[in-house]
Structure formats: structure tokens, C-alpha cells
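Subject: Handover of a predicted model

Dear colleague,

I am handing over the structure below, and my notes on it follow. Please read them beside the model.

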Amino acid sequence: MFGFAAVMRALELPQISRLEQTWMTLRQRHTEGAILYEKKLKPFMKSMNDGKESCVLSNTSFPHVVPLLSLLERGVAVGEGVEPWETMESGVDVVMSHLEAARTIAHHGGIYRTNAETKLQGFQEREEVMELFHTEFQMRLLWGSRGAEGSQAERYEKFDKVLTALSNKLEPPVRQSEL
């Protein structure tokens, strides 16, 4: 679920969602996938983020904890938009749903562990590769030694600028005078 949530969140970033020509080409070349994305995956992810739906326990080794983490870190992390619980209409209900989901995740921790052990059966970890999965290594890789020492807000801002530059390079923004 964590990988799925990360991919879905990335596809909804403003730098990705603004790429109209790219999306149109993808829809033309991969119509079935585009329909699946628009009709099933996006609504499923939205309902999970809103606390209205949960995933099946039988196949999940890592539950969808992103909304709960976002809720807990909201004062610390710089988000790109309004979270579902920040609206007056359903805010308290969404928070309560996520807290209930957290209780359920904690209660079913054994199932997640068993599922993970089953999926990792036969896996041999290699010591020389383990450093790649350490947070410190990822920070140095993405931000460099000096950048890794900066604040989270500075890293988010820098990453946002890089994504925006890449997006604008792929599809330059349309100027008002061209409309």
C-alpha cells in the first residue's frame, strides 16, 4: 500500500497533473490503463485518504498509514494542499476515521507481519546493499551533505523547484498572451 500511495500521490502533484499533452498521449496509447486510473484507482485512493475505505488485510504487508502520518505531522511538514480533515464539513469525521484505522492497524499487526514474512520468504539480504535503505544515505544521495543538514521545509521547497523545472521543461507553461 505504501508504494501504491506514493505513486498515486506523485501522479496528483501539480507538476505532473498539469502535463496535458503527456496525459493525452498516455490516454491514447494506454486507454485501458487510463480508464482504470480515472475510474477506479483515483477514487479508491481518495476514499482511503478520506478515511472512507480500507484495504483488504489478507494480502497487505504494509497498511496505508500515509493519512495518519500526515495528520500527526501536519504542524511539521509542509504540505502541497489542504488535507481532507481540514474542511469544516467532514474534518472531525475524517480524523476519527484515521484514528480508528490506526487502532485497527495496531490490532492487526500480527496479520501484517505474517503477510510480510510470507512475501519475503527466501529473501536473502545483502549487507553491501543495506546502506541504500538507511535514511541518512537517502538524505545524502538526494540533497548532498550540506542539503541533508538543512531543514525539512528547505528540502521540500528545493524539491518542489526541481519538479517544477522538470515539468516546465517537458511542457512549457502556456503564457496568457498566447491564449
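Throughout these notes, contact means heavy atoms within 4.5 Å, and helices (H or I, at least four residues) and strands (E, at least two) are DSSP runs, numbered from the N terminus. With those terms, F4, A5, M8 and L11 in α1 meet Y37, L41, K42, F44 and M45 in α4.

This is a predicted model, in which local features need pLDDT of at least 70 and side-chain atom pairs count only at pLDDT 80 or more, while totals for chains, interfaces and linings use all residues. Residues are numbered from 1 along each chain as its sequence is written, and side-chain values use heavy atoms, with hydrogens and water left out.

Overall architecture

The chain has ten helices and zero strands. Buried residues (buried means under 20% relative accessible area, exposed over 50%, and partly exposed in between, with a 1.4 Å probe and protein chains only) make up 20% of the 179 residues in the chain. Of the contacts in the chain with a separation of 6 or more, 65% are accounted for by residues 24 or more positions apart.

Helices α1 and α4

The axes of α1 and α4 come within 11 Å and cross at roughly 110°, where axes are lines fitted to C-alpha atoms, for helices over the stretch in contact, and angles run from 0 to 180 degrees between N-to-C directions. The two helices, α1 and α4, are therefore roughly perpendicular to each other; on this scale, angles under 35 degrees count as roughly parallel, over 145 as roughly antiparallel, 65 to 115 as roughly perpendicular and the rest as oblique. The crossing in which α1 passes α4 is left-handed, a word used if the near helix is turned anticlockwise from the far one by less than a right angle, with right-handed used if clockwise. The residues of the contact of α1 with α4 divide into eight nonpolar, no polar and one charged, with Ala, Val, Leu, Ile, Met, Phe, Trp, Tyr, Cys and Pro counted as nonpolar, Asp, Glu, Lys and Arg as charged, and the others, Gly among them, as polar.

Aromatic pairs

The structure holds three aromatic pairs, where rings of Phe, Tyr and Trp (its six-membered ring) pair if their centres lie within 6.5 Å, and planes under 30 degrees apart count as stacked, over 60 as edge-to-face and the rest as tilted. The rings of F4 and F44 have their centres 6.2 Å apart and their planes at 40°, so this pair is tilted. Because F4 lies in helix α1 (residues 2-11) and F44 in helix α4 (residues 31-49), the pair ties together parts that are 40 residues apart in sequence. F4 counts as partly exposed at 24% relative accessibility, and F44 counts as partly exposed at 24% relative accessibility.

A further aromatic pair, formed by W23 and Y37, is stacked, at 5.6 Å centre to centre and with 15° between the planes. This pair links distant parts of the chain, with W23 in helix α3 (residues 20-29) and Y37 in helix α4, 14 residues apart. Both W23 and Y37 are buried.

Other helix contacts

The axes of α3 and α4 come within 5 Å and cross at roughly 115°. The contact is made by W23, L26, R27, Q28 and R29 of α3 and by T31, A34, Y37 and E38 of α4, and by class it has four nonpolar, two polar and three charged residues.

Helix α9 (residues 135-149) and helix α10 (residues 152-170) pack at an angle of about 125°, with their axes 12 Å apart. The helices α9 and α10 are therefore oblique to each other, and their crossing is right-handed. M139, W143, G147 and A148 of α9 make the contact with R155, K158 and F159 of α10, and these residues divide into four nonpolar, one polar and two charged.

In helix α5 (residues 66-73), V66, P67, L68, S70 and L71 are buried, and the buried residues of α5 pack against α1, α4 and α6 (91-107).

Single residues

S47, whose place is in helix α4, is buried, with a relative accessible area of 13%. Leaving aside its neighbours within four places in sequence, S47 is in contact with K52 and E53.

E20 lies in helix α3 and, at 61% relative accessibility, counts as exposed. The C-alpha atoms of E20 and E171, which are 151 residues apart along the chain, are separated by 8.3 Å.
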